[in-house]
Amino acid sequence: MDKINLILLGGGGHCHSVIESIEHSDKFNISGVLEPPPLKGEYISGYPVIGTDDEIPELVSRGYSFHVTVGHIKNPAPRRKLYELLKKHRAPIVTVIDPSAVVSERAEIGEGTVVLRQAFVNSGAIIGNNCIINTGAIIEHDARIGHYVHVSTGAIVNGDCTIGDNCFIGSGAILSNNITICADVLIGAGAVVLRSVNEPGIYHGNPARLLK
């Protein structure tokens with residue numbers, strides 16, 4: 001099968017992680033990275049910065065596919081903006097799953113989402129578009145994760161949880177089973193969430209509480 005020629009949007013730390021996962025798969029050729037000026041001509045993990053977001057229409061016309069590699073810490077807006085820009089230009093957007101990740105055949109992974117090394121997505125889980133399931137994260141059975149969500153390294157989302165759009169689940173956080181997290185919530189690193197969260201905001205601690 002021919003590999004897909006792929007353009008990455010964003011060259012920060014998250015991009016390095018995604019490149020590692022892409023290189024371990026047999027699906028993609030990385031053709032270059034788009035970054036704001038003045039980085040054109042530089043290299044990110046060995047791949048050239050070939051231009052800026054302004055190049056997207058031309059690259060779409062030439063048959064390239066795309067993946068957003070801007071990260072999401074606290075604020076999903078930059079990553080979401082790039083995804084929506086790609087949709088505006090009707091660009092093909094790929095999903096990336098590291099070969100070491102375990103993803104059930106009965107799970108659903110949305111467009112533009114990345115599942116990184118040794119993550120686990122169990123049966124019946126549904127993950128939305130443009131999400132990050134980071135290294136070692138666990139998404140248990142029948143969990144529902146909205147769009148533009150980052151489940152960070154080593155976080156555990158237990159069975160039958162629901163997470164709304166634009167959320168960030170910090171490293172090592174634990175969400176108890178059968179709870180709902182509303183949209184626009186940040187769960188801090190190591191937090192333990194035992195009850196549903198119905199108010200947007202930042203939550204820390206064990207048990208997790210809203211920071212006023």
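A residue is called buried when its relative accessible area is under 20%, exposed when that area is over 50%, and partly exposed in between. The model is predicted.

**Salt bridges**

- The structure contains four salt bridges. In general, side chains of opposite charge can pair when their charged atoms come close.
- One of the salt bridges joins R117 to E20, with 3.3 Å between the closest N and O atoms. This pair connects distant parts of the chain, 97 residues apart: R117 sits in the loop between β9 (114–115) and β10 (120–121), and E20 in helix α1 (residues 13–23).
- E20 has a relative accessible area of 36%, so it is partly exposed. R117 is likewise partly exposed because its relative accessible area is 34%.
- R117 also meets D98 in a salt bridge, at 3.8 Å from N to O. D98 belongs to the loop between β6 (96–97) and β7 (102–103) and R117 to the loop between β9 and β10, so this pair ties together parts that lie 19 residues apart in sequence.
- D98 counts as buried because its relative accessibility is 3%. Through salt bridges that share partners, E20, D98 and R117 form one network.
- A further salt bridge brings together the side chains of E111 and K87, at 3.1 Å from N to O. Here too distant parts of the chain are linked, 24 residues apart: E111 is in the loop between β8 (108–109) and β9, while K87 is in helix α3 (residues 77–88).
- E111 has a relative accessibility of 26% and therefore counts as partly exposed. K87, with a relative accessibility of 43%, also counts as partly exposed.

**A patch of negative charge**

- Which residues gather in a patch of negative charge on the surface? They are D53, D54, E55 and E58.
- D54 lies in the loop between β4 (47–51) and α2 (56–61). With 67% relative accessibility, D54 counts as exposed.
- D53 is located in the loop between β4 and α2. D53 counts as partly exposed because its relative accessibility is 30%.

**Cysteines**

- The number of disulfides comes to zero, where a disulfide would require a pair of cysteine sulfur atoms within 2.5 Å.
- C161 is buried, as its relative accessible area is 0%.
- C167 takes part in no disulfide, and its nearest cysteine sulfur, that of C182, is 6.5 Å away. C167 has a relative accessible area of 0% and is therefore buried.

**Backbone features**

- Most residues other than glycine have a negative phi, and most peptide bonds are trans.
- Y148 is not a glycine, yet it has a positive phi of about 60°. Y148 is placed in the loop between β14 (144–145) and β15 (150–151). With a relative accessible area of 10%, Y148 is buried.
- N166, also not a glycine, has a positive phi of about 65°. The loop between β17 (162–163) and β18 (168–169) holds N166. N166 is buried because its relative accessible area is 13%.
- The peptide bond that runs from N206 to P207 is cis, with omega near 0°. P207 lies in the loop between β23 (201–204) and β24 (209–210).

**Separations along the chain and in space**

- V94 is placed in the loop between α3 and β6. V94 has a relative accessibility of 9% and so counts as buried.
- V94 and L116 are 22 residues apart along the chain, and their C-alpha atoms are separated by 14 Å.
- D53, one of the residues in the negative patch, is 71 residues from G124 in sequence and 36 Å from it in space, C-alpha to C-alpha.

Notes:
Residues are numbered from 1 along each chain as its sequence is written. This is a predicted model: local features need pLDDT of at least 70, side-chain atom pairs count only at pLDDT 80 or more; totals for chains, interfaces and linings use all residues. Side-chain values use heavy atoms; hydrogens and water are left out. Patches are made of residues with over 30% relative accessible area and no salt bridge: like charges are joined within 9 Å, nonpolar side chains (Val, Leu, Ile, Met, Phe, Trp, Tyr) within 5 Å. Accessible areas come from the Shrake-Rupley method with a 1.4 Å probe; for residues, only the protein chains shown count as cover. Lys and Arg count as positive and Asp and Glu as negative; His and the chain ends are not counted. The place of a charge is taken as NZ of Lys, CZ of Arg, CG of Asp or CD of Glu. Helices (H or I, at least four residues) and strands (E, at least two) are DSSP runs, numbered from the N terminus. Buried means under 20% relative accessible area, exposed over 50%, partly exposed in between (1.4 Å probe, protein chains only).
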